Amino acid sequence: MIKVEDALTIILNSIAPLDSETISLSDSLGRVLYEDAFSSGDIPAFDNSGMDGYAIKSSDTVGASNETPKILDVIGEIKAGIAASMETKHGQAIKIMTGAPIPKGADSVIMVEETEKSKVKSQKSKVKIFKEVEYGDNIRKAGEDIKSSELVIQKGTLLKPAHIGMLAALGISRAKVTRKPHVAILATGDELIDVEEQLTHGKLRTSNTYTLYNQILSCGGEPANIGIARDDIGDLEKKINLCRGHDAIVTSGGVSMGDYDLIKDVLVRLGAEIKFWKIAMRPGKPVLFGIMDGKPVFGLPGNPVSSMVSFEMFVMPAILKMLGQKDDSIKEVEAILDEDIKKKKGLRFFLRAQTRWENSGYITKATGPQGSAILKSMMLANSLMILPEDEEFIKKGAKVRVRLLN
Ligand code: AMP
Ligand code: MG
């Protein structure tokens, strides 16, 4: 039996990041950027107006107020998208729209709301300015968002809508991202049926196939459901062989001490090197990890909660490493325990918990019965309480570490 950290170290040391593919920006949500993205020019590329108004010289507005407006000559108009060659001189204003380039000579823009076009017929091209503006007011400077040659998005970043918009702004029309890890899922157990099959006495629907499938999806992998293997060496060999060629294999069930827990033996027969079996944790103690054809194989226990928790603790970090993703999707916080807890010494416990923000800190409480077959406890949880190996009684009010689930 090894410690949780050691298990994770062994797993991560056995895994290399995958190669890349280049995809359209519209398909890149949730993908991981494979190379640093740099800017090739300033964004914005030119000084432009932040408001609809008039491009003017700020010194022409000194003393302007509602009672003592300044009057300027409107010499033209610049729309957004137009490269204007006009110049603002003293006593002049150029009508300007949001996003339009600032004309030469202007050092500020006054909002249209703080002006009034003259109503006198002979003064049609005059504008009244009711407020002083400062030098630079309402001008968006070239490069105020992004400077030329700046490292804008680091490789390993999980792409969210803002990142993708930024890639477009940078003129990067296709994103180079890590290819998705293909992960095979194999459920094992004579008692298992798939959801569309008729449930008969003694049988159980393979819920793990579907939780694992979606856990793989939610951390950026590409799952493949290989089906159900019977607790039989021949069938297990056949189905595990079908998993070969994927970037990783996740099996569920068949790794405990029962007479029909055959995964380990079958993997060895198929040439896998077993790196460890059994971790000092609950749920998830019988987790097995090996390497077959140079690819990781995770033997997760069959109990629904054990399967989910061990996926969260070991398979997810492995997938993130394959993706080259920086670790911002794993979040742990400190929380105050809202109940007394008794646990077994020697094992790290992961309790399904509801963790909430109250006043100025997190408070955490288990989600009812914690048996590792009770999937409801997982469904009601937004977090896992992490209780250290050497503790036995933990009192209400104690500080505990909590993993927030996505
Ligand atoms: P095992 O790890 O094979 O000893 O299975 C432990 C428990 O998990 C048993 O009660 C199984 O029926 C249950 N179990 C195994 N595989 C699955 C699965 N794919 N979906 C839901 N429950 C499962
Ligand atoms: Mg079984």
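By class, the lining of the largest pocket holds 14 nonpolar, 16 polar and eight charged residues; here Ala, Val, Leu, Ile, Met, Phe, Trp, Tyr, Cys and Pro count as nonpolar, Asp, Glu, Lys and Arg as charged, and the others, Gly among them, as polar. This is a predicted model, in which local features need pLDDT of at least 70 and side-chain atom pairs count only at pLDDT 80 or more, while totals for chains, interfaces and linings use all residues. Residues are numbered from 1 along each chain as its sequence is written, chains are lettered from A and ligands numbered from 1 in the order in which they are written, and side-chain values use heavy atoms, with hydrogens and water left out.

**Domains**

- The domain assignment of the chain gives domain 1 (4–17 + 179–329), domain 2 (20–41 + 154–178), domain 3 (48–140) and domain 4 (331–404); the bounds come from an automatic or database domain assignment.
- Taken over C-alpha atoms, the centres of domain 2 and domain 3 are separated by 39 Å.

**Pockets**

- A pocket is defined on a 1 Å grid over the protein atoms alone, as an open set of points where a 1.4 Å probe fits, with protein on both sides within 12 Å along at least five of seven lines; lining residues have an atom within 4 Å of a point.
- The largest pocket has a volume of about 660 Å³, where a volume is the space filled by probe spheres set on the points, and grid points are joined across faces, edges and corners.
- The lining of the largest pocket consists of 38 residues, of which Pro-301, Gly-302, Asn-303, Ser-306 and Ser-372 lie nearest its centre.
- Two or more residues of that lining come from each of strand S15 (204–205), helix H3 (207–218), strand S19 (281–282), helix H6 (304–323) and strand S24 (348–358); helices (H or I, at least four residues) and strands (E, at least two) are DSSP runs, numbered from the N terminus.
- S24 gives the largest share of the lining of the largest pocket, four residues.
- Domain 1 and domain 4 each supply at least three residues to the lining of the largest pocket.
- The second largest pocket has a volume of about 280 Å³ and is lined by 17 residues, of which Leu-8, Leu-12, Pro-317, Asp-327 and Ile-330 lie nearest its centre.
- Helix H1 (4–13), H6 and strand S28 (399–404) are the elements that give two or more residues to the lining of the second largest pocket.
- The lining of the second largest pocket divides into eight nonpolar, two polar and seven charged residues, and it draws at least three residues from each of domain 1 and domain 4.

**The six-stranded sheet**

- Six strands form an open sheet in the order S7-S4-S6-S5-S9-S8, with mixed pairing; two strands pair if DSSP finds at least two bridges between them.
- Strand S7 (108–111) and strand S8 (115–117) stand at the edges with a single partner strand each, so one side of each is left without a neighbour in the sheet.
- Neighbouring strands of this sheet are turned by 40 degrees against each other on average, direction ignored; the axes are lines fitted to C-alpha atoms, for helices over the stretch in contact, and angles run from 0 to 180 degrees between N-to-C directions.
- Strand S5 (residues 70–78) and strand S9 (residues 126–129) run antiparallel and are joined by four bridges, with Ile-71 opposite Lys-128 in S9.

**Strands around S25**

- Three bridges join strand S22 (residues 331–337) to strand S25 (residues 361–366) in parallel, and Leu-337 has Thr-364 in S25 as its bridge partner.
- S24 and S25 run antiparallel and are joined by six bridges; Trp-357 stands opposite Tyr-362 in S25.
- The hairpin of S24 and S25 has two residues between the strands, and Asn-359 in this hairpin takes a positive phi near 55 degrees.
- Asn-359 counts as exposed, at 76% relative accessibility; buried means under 20% relative accessible area, exposed over 50%, and partly exposed in between (1.4 Å probe, protein chains only).

**A buried methionine**

- Met-385, in strand S26 (residues 383–387), counts as buried at 0% relative accessibility.
- Met-385 and Val-333 are 52 residues apart in sequence and 9.8 Å apart in space, C-alpha to C-alpha.

**Backbone exceptions**

- Most residues other than glycine have a negative phi, and most peptide bonds are trans.
- The peptide bond from Ile-43 to Pro-44 is cis, with omega near -10 degrees; Pro-44 lies in the loop between strand S2 (37–38) and strand S3 (48–49).
- The peptide bond from Arg-282 to Pro-283 is also cis, with omega near -5 degrees, and Pro-283 lies in the loop between S19 and strand S20 (288–292).
- Asn-138 has a positive phi near 60 degrees, sits in the loop between S9 and strand S10 (139–140), and is partly exposed, with a relative accessible area of 28%.
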